[in-house]
Each structure stands twice: as C-alpha cells, then as structure tokens.
Amino acid sequence: MPQETLLRLDAVEKRFGDTVALSPTSLSIAEGSFVSVVGPSGCGKSTLFNVIAGLLRPDGGEVTLRETAVTGTTGHVGYMLQKDLLVPWRTVRDNITMAARLTRRVTPEDTAEAIRVAERYGLGEFLNHYPKALSGGMRQRVAFMRTLVTPHQLLLLDEPFGALDAQTRLEMQQWLLEVWRESGRTVLFITHDVDESIFLSDRILVMSPRPGRVVADFENPLPRPRTIDALTTPEFVGLKAQIMRLLHGGDHA
Amino acid sequence: MRKVLRNVGIPLLSLALLFGVWQAIIVMFHVNTYVAPRPWAAITAITSNWGTLWPLLLGTIRETVYGFLSGALLGIVLGVVMGKVAFIQKLIYPLLVLSQAVPSIALATPLVLIFGLTIKPIVIIVAWIVFFPVTVSIVDGLSHVDHDLLNLARVYGASKARTFWFIEMPAAVSPLFSGLKIGATYAVTGAIIGELASSTGSNLAEYQQHANANFNTAGVYGTTILMTVVGISWFLIVVGIEIWATPWLRRTTARRWGLRSLRRS
C-alpha cells in the first residue's frame, strides 16, 4: 500500500562535542506505515527520535512533516518511552488527556475520547484508578492511549515494551498492531528486539554506532494481519538472519 | 472499623502509657508535689482555671496559626522562585541557612524593639521558623521532577506555565507537605518563645512563669500540656489536609469529591 510521504529527513546530523551521534541521514516515512528502527545501544536511535520530536536541534539538515519544516520545533508528534511517565496524581482518564491539558483547556470531547479509547481497548473499568493501582502492562497501555488521543499522525515509540516481561510484551505487540490498524496512524518504533521489529513493521531500518547511521533498510514481506504463527515462518527467519548479521558484524555469516 | 481502632486506639494507648509512667515515677520515687505534680493534678490545674486559661490558649492558637500560615505562604513563594530561577537560588540559599542559624530566642528582642509588645513579633518568629522547611522541601521537590516527563511535556508543545502548573507543582506537593508537617510541629515552639519575649500582658508563657513564681507546679505542668496539645492538634490538622489533598498516595481510585472535582480542568 504505497502512500504519500508523511515524514522526510534530509541529511539530518547531530554531534555531541566530538562524537557523531547521528551522521547525515536521509529517509522518508510513508503515511500510515509502521517502521521500526533496530540497533545496539549508542547507535543514535534515540538521538534520531529526539531530533524528529524536536527535543534536539540537529547540527545540519532538515526535518519535514507533510511538506512543513519542523526542524527543532516541538508539538507535532505523539511520543512514548519505555518509562510510562504517567503522573501518579492523576487518574487513568486524566492521564490519557494529559497532552490536551498541557497545551490548552481540556474539553468534554477530550474526556469523551479518552473514555471511548479506554473502553475500546479494555481499560474502561480503570478510568477512575490512579496509575499505581495498575500493572506494568496496563500502565504502558494507558501511556499508549495518551499518545493515541493526541491529534498527531506520527507516533514515535521508543522501546515502549522494553521493560515488560516476555509474555506481556507479546500481548502488547498484538494489541499495538490492532490499535495501529484501527487508528490509521504512522508509527516509528525503536527497539532492541529484532523479533519485535519484524513482527510489527512494514519496514525495518537497521542502525549502527560510531558514527550512528542507518546501514540497511528492509521491506518486510510478511503479510498482514499477522498472528504469532508469523514468528516461525521461513520469511521471518530469513529476514531475522539478515538483520542479525548486520547487527553482529559477520559473526554469524 | 479495625483500621479506626488501630489508627486511634494505639495513639491513645501510648498516651495512657505516658501518663502511667509519669504517675509511676512520682509514686515510686516519692517526688514532692512542689517538684513535679501527678498527672491528674496537672490536668485539674487546667480544668479548674479554664476561665483564665481559655483566652490565653486562644491567643497562643492565634499566634501559631497566623505565624504558620504566613510562614507557609512565604515558604511556598520563596521555594517556587528559588526552584525556578537558578540565579535567585544561588543568591538566597546562604541567607536561608543564615536565617536559621540565628537562635530564634535572640531574634525575639530585636523584633519586640521594632514592633512593640504586640502579637506581631510572635507571629514573625513563628513564620521565621516555619518558612524554612517549606522552602527547602519545595526547592527539593521541583528539582526532582522526572526529566523525561518534562521532555514529554516539551514534545507535546506545552507552555512553561502549563508544565509548571500541571507537572512540576503537583510533583512538589508531597515534599511540600513534609515541610509543612515539620513546620507545624515547630510552630507552637516559636509562639511560646515569642510570648516569653513579647509580654503582651496576658499569654500562656507568662501564665506559666507566674505559676512557677507562685510554686504552682501543677499549673506549670498544666500549661505545658496545653502548649503540647496546640502543637499536636496543628500537626494533625496539617496531616488531615495532606490526606485530603494527596488522595493518590493512599487510594486506588479517585474520590467523587476532592480537589479534582472542585476544579474542572
């Protein structure tokens, strides 16, 4: 399903002192796609994200969202980290509407939308709960709902399931695919986990450190919708082998 | 019910224990009533002089509350300004420490010289003692807000004012109450120090000195009990406000009534 470009990076680069965190990188992300970024620690994945989100101003290059330059500015993406960053003094409902609260007055529509999303994705009973009453997986769901109710088409997810146990993580991945399909959003997803990146994405970018750069760009041949069975198909294993070889520098060749 | 019994019953038990030990020491060591009265005599010294003591007690309460409120307000404002403006924090911190190094009793006399024998020097001394833990706790609270959470607010395009109001300030509420509770326990001490220096004619501290001069030991102890009751009551009121204002620390779900439902946001 080829679609028009939502996000474009033109020769974006970022240095911290003498360290090149991200060497000049150009890429474009199609609207509605699910793209993963895999790579070892220190390969510049998070730097890439922070540049796109506008938390970091790149030393060169341009970030364009729907033909509008957004380099070094914020307020144009949904953003989620491994830490759920729910505020303990707000209920689930009020945590979901947090982005609205931080930018303007929360409207009854915002609240209604938060309630709708929570009920649609199985947290309706917990709307009035404080986050500390929830399990780690549920908290990450709330964090994702908070990201989802923002008006932004592009969602940046930085290892959102990294702190969860394997069982919960698998559930969350399936859940994320369901929500993503229904929402029609564009997702850029950072992970360490090659299996996760293949299971979820249309496209996988492999990054490598010193200097941080994108070394490969794979189209994922696996058909959708995907079930857990997809994790054991030859296509899956073949793609995984290719990515692993890149990540571990020929040890497996 | 069981919880109420535990939360109220056990403190009452420890109080009874205190009075029991007091009584036992007096009886066992044959302590003369001129040196120390029995608990019951001290309590009778309060009840039988209630007509005289009540207005004095009211005065001490007023000084404590006025001083606490102004000290808390000053502490919060100063804490917020110091927490948000690094330069002011560097500028004020040494003075802050200095202010608490001055023995408050030595502060009383100059204040009386300035304000005369009124309630003002007393309130100022109370505020002087209360503002410090409040300021320190707010500065601390503001400096420990999760950096990733602040970044998240930035990504959303949040204004500084909204980030402060909806993220930083709520995050500082729990530390703030630690400061307020410390302030609440010291407030009455400040009021009594102030009363000793600023003899307004009739106050609790003077009453105690009078009782002492007249060998009315039971009166001395009775007054001490009253002062302690003021301190404990004020502390408990602050704890009550804390429980009401920070429901997320103790509850799993939000109340139907409370801060959040009063203020639509």
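Buried residues make up 34% of the 265 residues in chain B. A residue is buried if 20 or more other C-beta atoms lie within 10 Å of its own, exposed if 12 or fewer, and partly exposed in between, with C-beta atoms placed from the backbone. The structure is a predicted model, in which local features need pLDDT of at least 70, side-chain atom pairs count only at pLDDT 80 or more, and totals for chains, interfaces and linings use all residues. Residues are numbered from 1 along each chain as its sequence is written, while chains are lettered from A and ligands numbered from 1 in the order in which they are written.

Chain B contains 12 helices and zero strands. Helices (H or I, at least four residues) and strands (E, at least two) are DSSP runs, numbered from the N terminus. The pattern along the sequence of chain B is accordingly α-α-α-α-α-α-α-α-α-α-α-α. Its C-alpha atoms fill a box of roughly 75 × 55 × 30 Å, taken along the principal axes. Of the contacts in chain B with a separation of 6 or more, 78% come from residues 24 or more positions apart. Two residues are in contact if their C-beta atoms, placed from the backbone, lie within 7 Å.

One helix pair in chain B was examined in detail. The axes of α9 (residues 173-197) and α10 (residues 204-213) of chain B come within 7 Å and cross at roughly 65 degrees. That makes α9(B) roughly perpendicular to α10(B). Axes are lines fitted to C-alpha atoms, for helices over the stretch in contact, and angles run from 0 to 180 degrees between N-to-C directions. Angles under 35 degrees count as roughly parallel, over 145 as roughly antiparallel, 65 to 115 as roughly perpendicular and the rest as oblique. On the α9(B) side, B:I192, B:E195 and B:L196 take part; they meet B:L204, B:A205 and B:E206 of α10(B). By class, this contact has four nonpolar, no polar and two charged residues. Ala, Val, Leu, Ile, Met, Phe, Trp, Tyr, Cys and Pro count as nonpolar, Asp, Glu, Lys and Arg as charged, and the others, Gly among them, as polar.

Chain A has eight helices and 10 strands. Its radius of gyration is 18 Å, close to the 18 Å that the globule rule gives for 253 residues, so chain A is as compact as a globular protein of that length. The radius is taken over C-alpha atoms, and the rule is 2.2 Å times the number of residues to the power 0.38. The C-alpha atoms of chain A fill a box of roughly 50 × 40 × 35 Å along the principal axes. Buried residues account for 44% of the 253 residues.

An open sheet of four strands in chain A has the order β2-β1-β4-β5, with antiparallel pairing. Two strands pair if DSSP finds at least two bridges between them. The edge strands are β2 (19-30) and β5 (68-69) of chain A, each pairing on one side only. Five bridges join β1 (residues 5-16) to β4 (residues 60-65) of chain A. Among the residues involved, A:R8 has A:T64 in β4(A) as its bridge partner. Helix α1 (residues 45-53) of chain A lies across β1, β2 and β4, at about 60 degrees to β2(A).

The loop between β4 and β5 of chain A holds A:R66 and A:E67. Most residues other than glycine have a negative phi, and most peptide bonds are trans. A:R66, not a glycine, has a positive phi of about 45 degrees. A:E67, also not a glycine, has a positive phi of about 70 degrees. A:R66 counts as partly exposed, with 14 C-beta neighbours inside 10 Å. A:E67 has 9 such neighbours and counts as exposed.

Strands β9 (residues 203-208) and β10 (residues 213-219) of chain A run antiparallel and are joined by six bridges. A:S208 is bridged to A:R213. The hairpin has four residues between the strands, and A:R210 takes a positive phi near 45 degrees. The peptide bond from A:R210 to A:P211 is cis, with omega near -10 degrees.

Chains A and B touch through 23 residues of chain A and 22 residues of chain B. Helix α3 (residues 98-103) of chain A gives the most to its side, with four residues. That side divides into 14 nonpolar, seven polar and two charged residues.
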